[in-house]
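Please open the structure in your viewer and keep the selection panel at hand.

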Amino acid sequence: MELIQQGAEARVYRSNFCGKSVIVKERFPKSYRHPALDKVLTHRRTNQEVRSLLRCRKAGIPCPAVVFIDYDKYRIYLEEIAEADAMRDVFCRLDNGDEAQELGRMIGKTLAIMHNADIIHGDLTTSNMLLRQKSDGSPAQLFLIDFGLSSVSTLAEDKGVDLYVLERAFLSTHPNSEVVFQQVLNAYKSSAGEAKAVIEKLDEVRMRGRKRSMVG
């Protein structure tokens with residue numbers, strides 16, 4: 001297997017499985033945790049990530065298909081999304097004009113569908129989104145990836161925090177992109193079933209964030 005990413009929680013490899021190109025996400029033991037507790041938590045996180053991916057696909061959200069799960073080594077074998085670019089790189093190539101704003105609307109609609117299915121991603125950034133452009137001129141596809149911190153919740157608070165995490169990551173990675181993120185929210189409001197309550201919670205979380213910044 002070819003190591004392509006090392007994170008705090010897992011290693012990500014590119015490999016082959018039954019003749020198919022796959023991405024392998026492997027959760028490794030944490031030496032600071034008791035082995036028995038670590039095993040329980042790792043098993044739980046692996047299960048939750050798989051459940052979230054399956055729930056997303058059932059809701060019609062493009063995301064990698066789960067190919068195989070190895071619970072002995074805590075590895076999830078996922079479909080590799082070929083010919084796709086990280087949304088972070090796409091935005092870095094664009095200004096904040098019409099094309100970027102259209103992508104913002106695509107993100108907002110996708111997140112609304114995800115939240116309508118009560119899925120909380122937990123780590124929304126433009127690095128955890130892939131864009132696949134179609135050569136035949138048909139609409140591009142937006143894929144969500146890395147559900148390692150995901151959960152299921154009906155609470156508007158949790159959905160508001162999900163949006164806040166994206167907003168902070170978005171504005172820190174893509175300076176002066178407020179107009180693009182506003183398109184994310186506009187599309188979200190048009191498609192999310194509990195949009196009003198979620199946006200109210202987002203505003204509350206923003207206020208708490210500002211207070212923490214003022215206190216230091």
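The model is predicted, with local features needing pLDDT of at least 70 and side-chain atom pairs counting only at pLDDT 80 or more, while totals for chains, interfaces and linings use all residues. Residues are numbered from 1 along each chain as its sequence is written, and side-chain values use heavy atoms, with hydrogens and water left out.

Select residues 156-173, helix H4, together with residues 178-191, helix H5, whose axes come within 10 Å and cross at roughly 160°. Here helices are DSSP runs (H or I, at least four residues) numbered from the N terminus, and axes are lines fitted to C-alpha atoms over the stretch in contact, with angles running from 0 to 180 degrees between N-to-C directions. H4 and H5 are therefore roughly antiparallel, the word used for angles over 145 degrees.

Next, show the side of H4 that carries Lys159, Leu163, Leu166, Glu167, Phe170 and Leu171, which contacts Glu178, Val180, Phe181, Val184, Leu185 and Tyr188 of H5; contact means heavy atoms within 4.5 Å. These residues divide into nine nonpolar, no polar and three charged, where Ala, Val, Leu, Ile, Met, Phe, Trp, Tyr, Cys and Pro count as nonpolar, Asp, Glu, Lys and Arg as charged, and the others, Gly among them, as polar.

Key:
Helices (H or I, at least four residues) and strands (E, at least two) are DSSP runs, numbered from the N terminus. Angles under 35 degrees count as roughly parallel, over 145 as roughly antiparallel, 65 to 115 as roughly perpendicular and the rest as oblique.
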